Amino acid sequence: MQQGGHVRIGTGGVSVFTIVSVDEDAHSALIESTADAPGKYPFPAKRDTLVPTV
């Protein structure tokens, strides 16, 4: 997973997120929704729960 890539949370995830940054040491990534919405903000997620979109 790299910065700028698109992921979903879990295999059944519906929403798509953009990877803002990756923290290799903490095994996490900062992700942000690709949808335009008021109050949209980046938040941390464990990398092992993220699934790349096809």
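The structure, a predicted model, holds 2 salt bridges. In one of them, the side chains of Arg-47 and Glu-24 meet with an N to O distance of 3.0 Å. Because Arg-47 belongs to the loop between E4 and E5 whereas Glu-24 belongs to the loop between E2 and E3, this pair ties together parts that are 23 residues apart in sequence. Arg-47 counts as partly exposed, its relative accessibility being 22%, a value to be read against the limit of 20% under which a residue is buried. A salt bridge is also formed between Lys-40 and Asp-36, whose closest N and O atoms are 3.8 Å apart. Here Lys-40 is partly exposed, with a relative accessible area of 33%, while Asp-36, at 76% relative accessibility, counts as exposed.

The secondary structure of the protein chain consists of 0 helices and 5 strands, which gives the pattern β-β-β-β-β when read along the sequence. The 5 strands form an open sheet with antiparallel pairing, in the order E4-E3-E2-E1-E5. Strand E4 (43–46) and strand E5 (50–52) stand at the edges and have a single partner strand each, so that one side of each is left without a neighbour in the sheet. On average, and with direction ignored, neighbouring strands of this sheet are turned by 50° against each other. Strand E1, comprising residues 6–9, runs antiparallel to E5 and is joined to it by 3 bridges; within E5, Leu-50 is the residue that stands opposite Ile-9.

In soluble globular proteins, nonpolar side chains tend to be buried together. In the present model, the largest nonpolar core has 7 residues, namely Val-7, Phe-17, Ile-19, Ala-29, Ile-31, Ala-45 and Leu-50. Strand E2 (17–23) and strand E3 (28–33) are the elements that give two or more residues to this core. When neighbours within four places in sequence are left aside, the contacts of Ile-31 include the core residues Val-7, Phe-17, Ile-19, Ala-45 and Leu-50, and among its other contacts are Ile-9, Tyr-41, Pro-42 and Phe-43.

As regards the protein chain as a whole, 15% of its 54 residues count as buried. The radius of gyration is 10 Å, which agrees with the value near 10 Å that a compact globule of 54 residues would have, and the C-alpha atoms fill a box of roughly 30 × 20 × 15 Å along the principal axes. Of the contacts with a separation of 6 or more, 25% are accounted for by residues 24 or more positions apart.

Definitions and conventions: Residues are numbered from 1 along each chain as its sequence is written. This is a predicted model: local features need pLDDT of at least 70, side-chain atom pairs count only at pLDDT 80 or more; totals for chains, interfaces and linings use all residues. Side-chain values use heavy atoms; hydrogens and water are left out. Two strands pair if DSSP finds at least two bridges between them. Helices (H or I, at least four residues) and strands (E, at least two) are DSSP runs, numbered from the N terminus. Axes are lines fitted to C-alpha atoms, for helices over the stretch in contact, and angles run from 0 to 180 degrees between N-to-C directions. A nonpolar core is a set of buried Ala, Val, Leu, Ile, Met, Phe, Trp, Tyr and Cys residues joined through side-chain atoms within 4.5 Å. Buried means under 20% relative accessible area, exposed over 50%, partly exposed in between (1.4 Å probe, protein chains only). Contact means heavy atoms within 4.5 Å. A salt bridge is a side-chain nitrogen of Lys or Arg within 4 Å of a carboxyl oxygen of Asp or Glu. The radius of gyration is taken over C-alpha atoms; the globule rule is 2.2 Å times the number of residues to the power 0.38.
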